Amino acid sequence: MIHSSIYHRADTMAAIRLLLSLLTGLCAYYFYSQETLSPFKPPEMVRGKRVLVTGSSTGIGEQIAYEFARMGAHLLLTARREKQLKEVAQKCLELGASSARHVVSDMNNLTSAQNVIEDARNKLRGLDYLVLNHVGGSGRFGPFQGDMAAVTSSMTVNFLSYVQLTVSAMTMLQESQGSIIVISSLSGKEAPFTLSYSAAKFALEGFYSSLRRELRLREISLSVTVAVLGYIDTDNALKIIGDKITMQANPKEECAREVVRAGVLRHREVIYPYWSLKPLLLLKEWMPANKNKKFLKNRVIFPWGEGNLLP
């Protein structure tokens, strides 16, 4: 009986060692293939290409525009704020863009999203890269209170407008055998206190992963890259959760470089920062602070980092 138990433990340890070895090998192959087997020559691959970047007046979208500008692309920038768009377009020209135009659009209006693609057709005479980055909606960070208006707003801006832009641009992208780059989030895996936003990002990954597969089955040469992002130091992210978590935000400039690199090389997915994909843990323990108020005592580990939350 003792010998049997010893042998069982030995077999278990051997199996664990084998599994770890396999995982190590797979990880090494993944990073090796990403970094080494896919040579990246940005100017040669992108110069003269036509690129539409949504949500490009600030944050990650702005930095993505600068990355494509350095490679000599023709850029069409869109967001709600014209003054910032003009400034970003001017800097893109200074960085080496072949051209840089802008169009003001509110992605809460799906007709406005359609019009952006018409502008791309008229101004760029086609499209090689569609970068879907914009974010919005009326949701807030905190416990879900059953606000359907917030859900509808978030789904419209953060999901439906993405689909509308894709549908409207599909003909041009197929003609150019181009690429779609979709900015998603670890919140789309599972995230409390951002339910409306999380639902929209979850929908994005389902739609675009399925679209990628369908295009491949139909033998259509159009790539779809989904960028799954953690905590990035954009003004919006810092404003919403900067005082609620303890970890340091990751630089938006480096994030943009990784996203553009993955899109240009037609990778299926890029995770930035790569180490941030971890299980979401939430230990619930509501404790009364006084007769009229409750507070969340537990420590929360979000997909993007660790912190405390007060309702």
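Predicted model: local features only at pLDDT ≥ 70, side-chain atom pairs only at ≥ 80, totals over all residues.
Seven strands build an open sheet. Their order is β3-β2-β1-β4-β5-β6-β7, and the pairing is parallel. The edges are β3 (99–104) and β7 (269–272), each of which pairs on one side only. On average, neighbouring strands of this sheet are turned by 15° against each other, direction ignored.

Strands of a sheet pair through backbone hydrogen bonds, and the pairing can be parallel or antiparallel. Here it is parallel.

## Strands β1 and β2

Strand β1 covers residues 50–54, and strand β2 covers residues 74–79. Five bridges join the two, which run parallel. Within this pair, V51 stands opposite L75 of β2.

Helix α4 (residues 82–95) packs on the sheet. It touches β2 and β3. The direction of α4 makes about 170° with that of β3.

Strand β4 spans residues 129–132. Four bridges link β4 to β5, and the two run parallel.

Strand β5 (residues 179–185) is mostly covered, with seven of its seven residues buried. Both of its faces are covered. One side carries S179, I181, I183 and S185. The other carries I180, V182 and S184.

Helix α6 (residues 148–176) lies across β1, β4 and β5. It runs at about 165° to β4.

## V131 in its setting

V131 sits in strand β4. Is V131 buried or exposed? Its relative accessible area is 0%, which is under the 20% cut-off, so V131 counts as buried.

Which residues does V131 touch, leaving out those up to four places away in sequence? The contacts are V51, L52, V53, T54, I64, F68 and I181.

V131 and V259 are 128 residues apart along the chain. Their C-alpha atoms are separated by 9.9 Å.

Key: Residues numbered from 1 in each chain as written. Heavy atoms only, no water. Buried < 20%, exposed > 50% of the residue type's maximum accessible area, 1.4 Å probe, protein only. Contact = heavy atoms within 4.5 Å. Pairing = 2+ DSSP bridges. Axes fitted to C-alpha atoms, helices over the stretch in contact; angles between N-to-C directions.
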